[in-house]
Amino acid sequence: MTQLRVLLWRVLEPLLRRKRERELAEEIEAHLVLLTEEHLRRGLSLEAARAAARRDFGGVEKVKEAHRDLRGLPFTDTFHQDLRFAVRLLVKDRWLTAVAAAALALGIGASNTVFTFVNAAQLRGLPVDEPERVLAVHRMDTSGRPGGVSYTELETLRAEATTLEGIAGYQRSASTVTDEGLAPEQIRSLYVAANAFRLLRVVPSLGRDFLPEDDRLGATPVVILGESVFRIRYGGDRKVLGRTIRVNGVETNVIGVMPEGFQFDYFADLWQPLAAMPGLTTDKRDAPQLRAFGRLADGAELSEARAEIEGIDGRRDRERPESYRESRLTAAPFNGTISDNPIMPALLGSVGFLLLIACANVANLLLARGTHRAREIGIRTAIGATRYRILRQLVVESALLAGLAGVAGFGLSLLGVRLFSNAVADIAKPYWIHWSMDGRVFLFFAAVCVATGILFGLAPALHLSKTNMVSLKSGAAIGARRWTRGLLTVELALTLALLAGAGLMLRSFLTLYRLDDVVDTTNMTTMALRLPGAKYPAPRDWNVFFRRLEERLAGIPPISSATTASTFPYAGAAARKLVLDGADRSPSTVSYLTVGSRYFDTLGLRLVRGRDFTDIDGTAGQEAVVNELLVAAHFPTEDAIGKRIGLTEDTTAPSWFTIVGIAPDVRQRNLAGPDPTVYVPSRTNPQPFAMLLVRGAPGTEAVIPIVREEVRALDPELPLYGIMPMDQLLSQSRWPYRVFGVMLAAFASIALALSAIGLYAVVAHSVSQRVQEIGVRMALGAEARQVSWLVTRTTALPLFASLVLGLAAALGVGKLLQSMLVQTSPTDTTTLLAIVVLLLVVSSVACWVPARRATRLDPVAALRHE
Amino acid sequence: MSPRDSEVPYGTLDLMVLRTLESLGPLHGYGIARRIEQAARGALALNQGTIYPALLRLQQKGWIASAWGTSENNRRARFYSITRSGRKQLEDESKSWGRSVAMVNRILEDES
């Protein structure tokens with residue numbers, strides 16, 4: 001009851017504050033008057049009586065403060081008072097406020113920008129129910145690279161795995177759609193198990209889902225359309241449901257349309273049952289070519305599912321060839337498989353560093369200002385403010401500054417996200433990744449703002465709140481200087497680490513540029529063609545078609561050269577295991593390309609040794625061209641020309657080739673540099689799919705209609721797709737280095753600028769504190785050099801310490817980035833040396849400017865300085 | 001300031017205020033302070049201002065009430081008076097104080 005009364009009294013304080021305050025003042029006044037009269041009666045003069053009354057009463061302000069503390073709620077009563085004071089202070093020191101808020105805003109803005117990407121790419125994941133319970137099932141080889149699973153394996157898992165609600169295989173493809181009155185179109189598609197959408201918990205917005213009987217050999221062909229195909233190709237006409245369209249030349253029934261925005265798994269716009277995949281359930285049953293995902297059964301955990309899958313896989317080991325046993329069937333969260341990239345942790349780390357640098361910088365600025373504020377705080381303490389009260393005041397100031405910086409930082413991150421999404425607008429990314437902010441980003445943002453406020457506010461607050469009249473007189477600057485030095489060290493060390501990361505990325509990018517120089521990409525255009533199985537059933541048909549196309553394209557004026565190939569530089573490649581005659585070494589993986597007879601010619605690749613393919617290669621013999629890396633790895637001491645190599649697809653028996661030529665190294669599968677590569681003539685291993693590389697007059701526009709015309713002359717139902725200038729493709733393949741390199745460089749530059757400002761501020765402050773001392777020294781004959789050393793020596797120790805710490809941190813950064821580095825060691829001496837020099841030069845300038853001002857002081861004026 | 005900073009033992013100021021108001025009737029802050037000083041016969045160095053936080057505390061608990069009135073020099077002043085629950089509190093506190101003092105005394109005598 002008593003408690004309640006007290007609470008009520010306190011809660012009402014905001015409403016009654018004015019009245020209560022006025023009454024207390026009046027009461028105290030009356031008290032003082034009575035006391036004064038008493039002293040007057042004792043015969044004191046009026047002056048003396050008043051003084052005596054005040055003495056008897058004690059500190060009026062102290063009493064009022066105690067009264068207020070009792071009256072209101074512990075925090076809110078004085079909060080708005082603190083706030084008002086803090087605002088006034090920030091306005092008064094508007095330059096300091098601007099610099100501090102700008103530094104923090106850069107840090108907060110960068111963090112929020114990067115977190116938005118990380119959230120979009122790694123955390124948000126599939127837009128389905130409980131995406132974290134969707135697993136990718138794949139075969140992991142010994143080097144940790146995920147690979148496909150076979151149809152048979154999926155059947156086994158489907159039958160035996162109890163930790164999974166279900167498992168669905170799928171295969172990416174591209175399908176040619178043709179129907180009456182519409183142009184043929186190539187659409188990205190997916191062969192997918194009938195239960196896939198049910199596992200994802202997504203239902204078609206129109207029509208029906210696949211049924212198990214649709215996914216059987218010999219079932220009526222059916223297809224589900226993506227919303228965009230339905231809308232754009234068929235004008236949103238519901239009558240397309242139940243109609244028959246031609247998919248890859250096969251009459252197929254349209255049974256459903258998926259909801260808008262659904263493009264599982266990457267950007268498919270058309271889905272067919274897995275059974276419709278040519279040869280899957282017959283001769284390709286055991287080919288590890290499928291991707292698969294499953295959903296955890298109710299109550300099952302990822303670790304259980306993984307253990308079960310690995311167990312089932314282990315039991316089947318005996319039935320399989322040796323090379324297969326090194327790899328393991330396993331499961332991982334589906335979301336993680338898409339963007340498992342070291343750059344994300346590296347970027348998060350670097351913005352974390354940046355934020356810390358900004359905090360250290362602002363803490364230093366506040367400490368420097370603190371020495372000017374010491375008097376104010378000393379007085380406040382003397383008239384009765386507790387340390388808690390002072391601390392709270394300083395915390396409110398920090399919070400206000402952090403809030404200000406937060407608003408600006410949020411604006412910066414909006415800008416940053418826009419810049420980033422423009423920079424990566426044309427990269428291929430899964431359909432559900434869009435660079436937008438959501439609740440999680442806002443939560444992160446709020447946490448960052450709070451953490452920043454605490455981080456930069458803590459050191460100055462702890463230090464300043466200790467101030468009292470005694471320490472004020474005896475120079476509390478010592479403690480502040482220790483804090484300053486520590487913060488400066490942290491700042492410079494982190495800057496060095498950031499510079500190292502940016503430097504290594506930059507060097508990798510330059511290396512990549514140099515490596516890519518072997519291919520002449522000017523006026524080169526790439527296109528793709530897929531021959532539908534219904535019309536072109538046999539490998540012979542494929543060969544004939546592509547041969548004829550190459551011949552037709554060779555003689556037309558704006559086209560100077562053209563070729564077909566299974567893929568082209570920088571665009572990936574198939575992987576094969578390499579087997580050598582009589583060698584018992586375990587097989588190594590190589591990139592494998594099937595190419596037309598003018599491939600090297602068209603790309604401007606000059607063979608290092610040996611000969612190019614001829615028109616008859618592959619018809620009788622089995623010729624191959626290999627690249628220099630393969631030669632260096634497997635024939636380091638002997639002449640590779642004429643040697644035999646075998647290639648296998650893991651399960652198949654190797655096919656043998658004779659090396660006839662050696663080509664320069666070109667990047668294919670690996671973003672970060674060339675792999676050992678084998679080229680064989682298309683004829684040797686014909687495919688119903690080919691990339692077309694055409695070099696012609698400047699501008700793709702001139703070439704495309706001609707190629708289109710020639711293709712139409714051969715088959716009017718064949719769409720040409722994936723048309724893109726090679727230059728653009730090349731720059732796309734380098735985008736991570738370009739975009740992340742630029743980001744890291746930007747972060748490092750900001751860090752460097754902040755550190756320079758930090759150093760400058762420390763030295764300038766040291767000058768302003770010691771004007772008189774400098775005056776005395778100069779009057780006594782100190783030289784300019786001695787004076788500058790006097791003011792800069794505070795920074796010497798932090799600079800040295802930060803070089804040591806920063807280089808250690810730089811090694812860590814290099815380790816983290818290692819898999820992204822292109823032929824650059826994470827401890828690359830040139831890079832590290834360059835950034836150390838850069839840091840030293842920038843630091844020296846930042847110190848030198850204010851130090852020079854000190855040496856130019858007029859000794860007389862300095863002596864009079866107060 | 002918090003009570004421990006006054007030189008009056010913690011909690012005893014409240015007791016003295018209640019006792020003063022009980023025996024003398026409604027009084028203003030100055031009167032209470034004077035009365036306590038007199039009763040202590042110089043043994044207590046009291047900053048008279050300290051009385052106000054104590055008065056507020058007692059008021060919040062409902063043990064005393066206040067009303068504006070006119071002082072002996074014809075000024076407006078706030079007069080405090082003890083409430084019924086204040087009297088009860090005083091009774092309880094006096095007893096427990098007495099018991100505490102007696103107990104401490106016994107211990108001190110035994111030890112010596």
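Predicted model: local features only at pLDDT ≥ 70, side-chain atom pairs only at ≥ 80, totals over all residues.
The expected span of a helix is 1.5 Å times one less than its number of residues.

Let's start with α3 of chain A, which covers residues 46–57. Ala53(A), Asp56(A) and Phe57(A) are buried in α3(A). These three cover an arc of only 95° around the axis, which puts them on the same side of the helix. Why might that happen in a helix? An α-helix has 3.6 residues a turn, so residues three or four places apart point the same way. On the other side of α3(A), you'll find Glu47(A) and Arg55(A), which are exposed.

What do the buried residues of α3(A) pack against? Their partners are α2 (13–41) and α4 (60–71) of chain A. Just after α3(A) comes Gly58(A), with a positive phi of about 90°.

**Where chain A meets chain B**

Next, the two chains: 24 residues of chain A are in contact with 21 residues of chain B. On chain A's side, the elements giving two or more residues are α1 (2–11), α2, α3 and α4. Which of them gives the largest share? That is α2(A), with 8 residues. Sorted by class, this side of chain A has 11 nonpolar, 6 polar and 7 charged residues.

**The domains and a kinked helix**

Stepping back, chain A is divided into five stretches or sets of stretches: domain 1 (2–74), domain 2 (75–128 + 341–475), domain 3 (142–326), domain 4 (497–519 + 728–866) and domain 5 (536–716). Taken over C-alpha atoms, the centres of domain 3 and domain 4 of chain A are separated by 54 Å.

Helix α15 of chain A (residues 439–465) has 27 residues, so it should span 39 Å; its end C-alpha atoms are 37 Å apart, which agrees. This helix also has a kink of about 40° at Gly457(A), shortly before the proline Pro460(A).

Two residues of chain A have a positive phi although they are not glycines, and here they are side by side:

| Residue | Phi | Loop in chain A | Other C-beta atoms within 10 Å |
|---|---|---|---|
| Asn248(A) | about 50° | between β7 (244–247) and β8 | 23 |
| Tyr570(A) | about 70° | between β13 (559–565) and β14 (574–580) | 22 |

Are these residues buried or exposed? A residue counts as buried if 20 or more other C-beta atoms lie within 10 Å of its own. With 23 such atoms, Asn248(A) is therefore buried, and Tyr570(A), with 22, is buried too.

Another spot to check is the peptide bond from Phe264(A) to Asp265(A), which is cis, with omega near 0°. Asp265(A) sits in the loop between β8 (250–257) and β9 of chain A.

Lys284(A) is in the loop between β9 (270–273) and β10 (291–296) of chain A. It has 16 C-beta neighbours inside 10 Å, so it counts as partly exposed. Which residues does Lys284(A) contact, leaving aside its neighbours within four places in sequence? Those are Gly279(A) and Gln289(A). As for Asp141(A), it is 143 residues from Lys284(A) in sequence, and the two are 20 Å apart in space, C-alpha to C-alpha.

Methods:
Residues numbered from 1 in each chain as written. Chains lettered and ligands numbered in written order. Helix = DSSP H or I, 4+ residues; strand = E, 2+ residues; numbered from the N terminus. Buried ≥ 20, exposed ≤ 12 C-beta atoms within 10 Å, placed from the backbone. Arc of directions from axis to C-beta. Contact = placed C-beta atoms within 7 Å. Nonpolar A, V, L, I, M, F, W, Y, C, P; charged D, E, K, R; others polar. Domains from an automatic or database assignment. Bend = angle between axes of the 7 residues up to and from the residue.
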